[in-house]
Amino acid sequence: MERAALLRSTPLACTRFFLHLHRRRPSSPFRHLRRPLPPSRSCCSWRIISSSSSSPSSSDGFPRGFSAVPARAVAAPTQPSPEAIDAAEQYGFEKVSEEFIKECKSTATLYRHKKTGAQVMSVSNDDENKVFGIVFRTPPNNSTGIPHILEHSVLCGSRKYPLKEPFVELLKGSLHTFLNAFTYPDRTCYPVASTNIKDFYNLVDVYLDAVFFPKCVEDVQTFKQEGWHYELNDPSEDISYKGVVFNEMKGVYSQPDSILGRASQQALFPNNTYGVDSGGDPQVIPQLTFEEFKEFHRKYYHPSNARIWFYGDDDPCERLRILSEYLDNFDASPAANESKVESQKLFSKPVKIVEKYPAGDGGDLKKKHMVCLNWLLSEDPLDIETELALGFLDHLMLGFPASPLRKILLESGLGDAIVGGGIEDELLQPQFSIGLKGVSEEDIPKVEELVINTLKKLAEEGFDNDAIEASMNTIEFSLRENNTGSFPRGLSLMLRSIGKWIYDMDPFKPLKYEEPLVALKERIAKEGSKAVFSPLIEKFILNNPHRVTVEMQPDPEKASRDETMEKEILAKVKASMTEEDLAELARATQELRLKQETPDPPEALRAVPSLSLQDIPKEPIRVPIEVGKINGVKVLRHDLFTNDVLYAEAVFNMSSLKQELLQYVPLFCQSLLEMGTKDLSFVQLNQLIGRKTGGISVYPFTSAVRGKLDPCSHLIVRGKAMAGRADELFDLVNCILQEVQFTDQQRFKQFVSQSKARMENRLRGGGHSIAAARMDAKLNVPGWISEQMGGVSYLEFLRALEEKVDRDWDEISSSLEEIRRSVLARSNCLINLTADAKNLQQSEQFVSKFLDLLPNNSPVSVGNWNSMLSPENEAILIPTQVNYVGKAANLFETGYKLSGSAYVISKYISNTWLWDRVRVSGGAYGGFCDFDTHSGVFSFLSYRDPNLLKTLDIYDATGEFLRELEMDDDTLTKAIIGTIGDVDSYQLPDAKGYSSLLRYLLGVTEEERQQRREEILSTSVKDFKEFADVIESVKDKGVVVTVASPDDVEAAHKDRPDFFQVKNGL
Ligand SMILES: [Zn+2]
């Protein structure tokens, strides 16, 4: 995805800023996505103060448990029309039940397809962001990854759409607001979303045809490509394994957090389907045969085993008509019985297991152990009331930095960061997991003891009232606001409903939270919180023998041992082959590659329905903005309906900061939110924020500004509250900015350890963003600033700082003070407000008071940031089985002048050239390019890539690809429409107001947006050809950064001596 992002919207990650108040849904190591998300390399990824990783599955980082319900205040309920009832009969469905769900102002009707038994939830309301999803129960009985490989493969061509990858055609040329697929441990889910009705129907049809009539069940080559195969280019060379899922899972198995999550799940459920890995264990994947693969599809991808979801403002009758066309092709099957998930019987005594994970040999291995305690809470699924109470308990124990279990674990000094996701209720039986990483071996029993003792103490003493109020307000706020970020509301609703429906429970109940929440509140008020929560802790956790303690030990040899083992297996395979076999394998390798690299014929491409340019609005989506002043300070106001929530940003220019203080800024931000004042302890301050607001976050924002030398660099304080509490919101923002004291040395030390653990995690899980940041730092000053605060340089800084905290605390503390003095000034400030007109007007007095209280000094010095990293190619070594490879150059420096066509072209390069070569034939999980239209930096990046130099050769051949490109009108139109889909991506009101702020800061005017749009719409083949010359500069002058395994770098150096400067990452 291009950095065109900023022109259009808040980049993906920005919508998650508030989530540091909640814990994120554990980035489900068990949920696999069809495609990795493009790098969120802009300054956003490291701003999320407590996110744990930037792995692909973190895209859905909405607050756990409670937010997944839409609520729109003005929506008028849609009643089912009489036609809908007739339509059901006409199309072969019977109505099972129907309810009006007031929480989401929707009418939800459950239908059963009479012939096959397929179940359909049809949800009607006024949400234009329409969602469709089809879900099959797909419990595996081994770890060959069948469900996952099938999830990838069915989207590779179908009966009506006989081309290589209709999925990619949709990525290229539709207006989708969501397009992906997920594999869970027991189900596979295919969701799409769009606001454009014609586009929506196109997406639905391609997905339905894909799941029911895929080509992959006849075509072994797709299975090989997406699953696994032996690759042999020449009989004299070694055989290797290739396959998209194979490499994706190698990446997953290189990450300690994923290994821990998997080990915990498998040990908790030794006797049912959750005891194996639906994603696939790289050591087991090669046991999968094509016959088993086909049989799995035949058995489970059947209407009798399907649950189908429609949501939005489209015609409910049409939904049934579309479905009947597919479902009527089938007869009933016993699939639904065969796919039932059996529950795990509870243990009679606790279990302990020890696993090894691949660690680098740098650093102190002694403090690299991990330990996690896991409980299986119940043999049977729980009722909604109990689940809600447990969800509340989870928030009380872990929801805020000040929540007791989280706080005590981190303050213990026994480890660096928390592992385990708390209460998890996505599977048939709920679990609870908690532990620490960065622990010394001898401290492991102490961590166990501490967890148990803390839980005992909580059961005995209960929670204080302020904590209860803070959790209650936070949960109610997030329910009311229902901010699902870039995730369509209808999709989060679907995932919530399906969580019960998939186990044959009531699909309506999970949508109706209000009554049980009121009941819970009343119980707490009447009986006291202790009476409510203590029995839960005792019954489900303390007195529950089904406990599994997982210890993970660092093993610096594991990565190379796994690699050697793989090589040995492959050598044996080769030794067992005759000369003819080898020649045949080389031929098959060649044939597969040829197929992968041959473009689809135009007729096949035309089969995928697309919009025409006439369907596209000629003007960009405009966000209302009024620029005014209060007390001499600039204030931006966005009059938008926000359901009575006020969103506010206070933005401070950071350019007066001394360069040597830059690296302290992220920790400065965390200190503001997580240290106390003279009058309030950190716990009290934290609870106050939870009780009065919907959350406050603080983070730096840096970007280049086109045509200017000076970077745009700001500190942003973001807050939200019910509009009636605007005064309290601004009081609290003022309090954290001005009154927080930087005196708590021990807490600061924890921040450093946590940040270090987080950065190390990112290096393994999101090495592409680390490589991107590093290249940026070699190419421009804003990139250098960002890397100082979020790249390898920052990790190095944190490592040194960890020791310095003990030695030079006074100096650190005064550095934090100095940042406050340099940045916090009225003359440095800008305010951004998003709410409806009435609430905007009412909040004015509080803004004015807030501004009055800001120091009136003018910044003394001006920071002179003029650094960049040296431009050598660099390899950052980590223990991994797959690499991240990047190459970049600044196109503006070659004299290139930005045109909207660049968005179309770079998207096209990502979705064709790089997708085909880096992913499909190279075997990487992802390959992208990224164009920062503010700095001019154009980068190529790969994700979980088995190759290194080969990938660079593909990047270098991009110019040639463009030059030789033959493109018909249909293809060009699709590329343009897909780009408009990105530019016009769906945004909730807070994201609209925030994007408008960023555009203001970066000097992107409405005229420019209009001009870019016209340039996008009028992009021609000639533009593609001309861009070929521009992009040659990446080949000729580009800088290379890879995050890779030592073995692969060594091998690369045999080919190209001294190509990289080598640096140890882990
Ligand atoms: Zn996948």
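## Contacts of Leu-685

Contact here means that heavy atoms lie within 4.5 Å. Leaving aside neighbours within four places in sequence, Leu-685 is in contact with Leu-672, Met-675, Thr-677, Leu-680, Leu-732, Cys-735, Ile-736 and Val-740. Leu-685 belongs to helix H23 (residues 682-692), where helices (H or I, at least four residues) and strands (E, at least two) are DSSP runs numbered from the N terminus.

Leu-685 is buried, at a relative accessible area of 0%; buried means under 20%, exposed over 50% and partly exposed in between, with a 1.4 Å probe and protein chains only. Its C-alpha atom is separated by 9.1 Å from that of Cys-735, 50 residues apart along the chain.

## Basis of the model

This is a predicted model, in which local features need pLDDT of at least 70 and side-chain atom pairs count only at pLDDT 80 or more, whereas totals for chains, interfaces and linings use all residues. Residues are numbered from 1 along each chain as its sequence is written, and side-chain values use heavy atoms, with hydrogens and water left out.

## Helix H16

In H16, 12 of the 13 residues are buried, among them Arg-489, Lys-500 and Trp-501.

## Positive phi values

Most residues other than glycine have a negative phi. Asn-482, not a glycine, has a positive phi of about 50°; it is found in the loop between helix H15 (465-481) and H16, and is buried at 0% relative accessible area.

Asp-1058, also a residue other than glycine, has a positive phi near 60°. Asp-1058 is placed in the loop between helix H38 (1046-1055) and strand S28 (1061-1064), and counts as exposed at 71% relative accessibility.
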